[in-house]
Amino acid sequence: PVTPLRDAFLNLLAAALGNAHAPVPELTADQWQELFALAAEHKVLPLIFEPAYPQVARLDPALAAGVKRQVRLQVVAQTIRTAEFLELYRALEEAGATPLVVKGIVCRQLYPRADHRPSADEDLWIPPEQYPLCHGVMTRLGLVTGETDPDGVYEVPYRRAGSSLYIELHKHLFPPGFRVADAELNGFFSNARHVIEQVPGGSLRTLHPTDHMTYLLFHAFKHFLHSGFGIRQICDILLFAHRHGGAIDWEQVRLSCRAIRAEKFAAALFAIGTRHLGFGPVGPWGSLYADEKPLLQDVLCAGVYGSADLSRQHSSTITLNAVADSRRGKRGGSILKTVFPPAKALQKDYPYLKKNAALLPLAWTQRLIKYGRESGTADNRATESVRVGRERVALLRQYGILDE
């Protein structure tokens, strides 16, 4: 449930997002430490620290000073990453590439203090045929990829030595063939429009607000189907909706969500904004009721992109199998798939399966050994993953993603 501490966390987040009426909670030093740990888990510590600082400084100056140092380091690191990203983007444009920026810096500009909203990576969407050109520019600027088969994946990660800059170069916005309710997610962006957006330091090519809002909702939905997503994604979506709402074709967004059975999910997400973060209703979502509390609880437990713990991460096999079985008219799915998933589901972690699917039993064995190392006993880890997975399948049914 949403505990008093989590309620205090939401109030601070609302204040950081511009809700002047959000109360700053009265907490003990131990409670503040727990709240800051939750904020760090969701990668929003710089956001909530500013409204919290006066009270924490009076209560526990040493705690306030320590957290302030953490926040400064995170903000400085983000400022450096932003400058490095803009340099890279300019180089790609000068080389003749036409990358579209999604999420990342576009969402950061929505916040009162942009670099207080950290981004672990920056996402660029390019036409697939531009990949060799972009790869050449990025390697020339000192970025390298650990991807051994860049032609066989839809996104290629790049890092720069001695820097925290991390780029995901997308040839497609979603994994090709990723379908929900018989709708392939990439198909919604086959005719995506672009706009030029001004940011400090220049201009960027990005998606039209209608397409970008659809993408932000779909991206959150994709992670919801896997192992969940954190509160920062909700903040991005709410701020984007209120900044660009007048330019968004909300009926198109709603129909797109309906096509992938995400309409009730989106309604619950926006209800979190109106009922917990001080936002007004947007588009059609105020008239579509959804109980937001189960989604909010899942979000607060998930951490960024559902990575709060390993059991939750591994439970994604159950939820994804349930969605796939639903498409085929089946119900229930085999729990054995959680421990022994098909080769395609393991190719990212065990690349040798791309070339030889017959090695699947070896991958299963290595996976179970990995579980054992992570948790002490593989059976305990698998059992907990099954429990979390079953709870999250029930949540998918509650929001109409799976049939009752």
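## Buried residues in a predicted model

A residue counts as buried when its relative accessible area is under 20%. The structure described here is a predicted model. Phe189 and Tyr215 are both buried by this rule, and so are Phe174 and Phe218. Across the protein chain, 53% of the 404 residues count as buried.

## The chain as a whole

The secondary structure of the protein chain consists of 18 helices and 9 strands. Along the principal axes, the C-alpha atoms fill a box of roughly 65 × 50 × 45 Å. A compact globule of 404 residues would have a radius of gyration near 22 Å, and the 21 Å of the protein chain therefore agrees with a compact globule.

Contacts can also be sorted by how far apart the two residues are in the sequence. Among the contacts in the protein chain with a separation of 6 or more, 65% are between residues 24 or more positions apart. The protein chain exposes about 17800 Å², and carbon and sulfur atoms supply 54% of this area.

## Aromatic pairs

A pair of aromatic rings is described by the distance of the centres and the angle of the planes. How many aromatic pairs does a search of the whole structure find? The search finds 17. In one of them, the ring centres of Phe174 and Phe218 are 6.5 Å apart and the planes meet at 55°, so this pair is tilted. Phe174 belongs to the loop between strand S5 (166-170) and strand S6 (179-180), while Phe218 belongs to helix H7 (residues 209-226). The two residues are 44 residues apart, and their pair links distant parts of the chain.

Phe189 and Tyr215 form an aromatic pair that is edge-to-face, with 6.2 Å from centre to centre and 85° between the planes. Angles over 60 degrees count as edge-to-face, which is why the 85° of this pair falls in that class. Phe189 is in the loop between strand S7 (183-184) and strand S8 (194-199), and Tyr215 is in helix H7. This pair also links distant parts of the chain, with its residues 26 residues apart.

Which residues form one aromatic cluster? The members are Phe174, Phe188, Phe189, Tyr215 and Phe218.

## Charges over rings

Rings also take part in another kind of arrangement, with charged side chains. The charged end of Lys171 sits over the ring of Tyr131, at 4.7 Å from the ring centre. Arg159 lies over the face of Tyr166, 4.0 Å from the centre of that ring.

Technical notes: Residues numbered from 1 in each chain as written. Predicted model: local features only at pLDDT ≥ 70, side-chain atom pairs only at ≥ 80, totals over all residues. Heavy atoms only, no water. Phe/Tyr/Trp six-rings, centres within 6.5 Å; stacked < 30°, edge-to-face > 60°. Helix = DSSP H or I, 4+ residues; strand = E, 2+ residues; numbered from the N terminus. Buried < 20%, exposed > 50% of the residue type's maximum accessible area, 1.4 Å probe, protein only. Lys NZ or Arg CZ within 6 Å of the ring centre and 35° of its normal. Rg over C-alpha atoms; globule rule 2.2 N^0.38 Å. Contact = heavy atoms within 4.5 Å. Areas by Shrake-Rupley, 256 points an atom, 1.4 Å probe, with all protein chains shown as cover.
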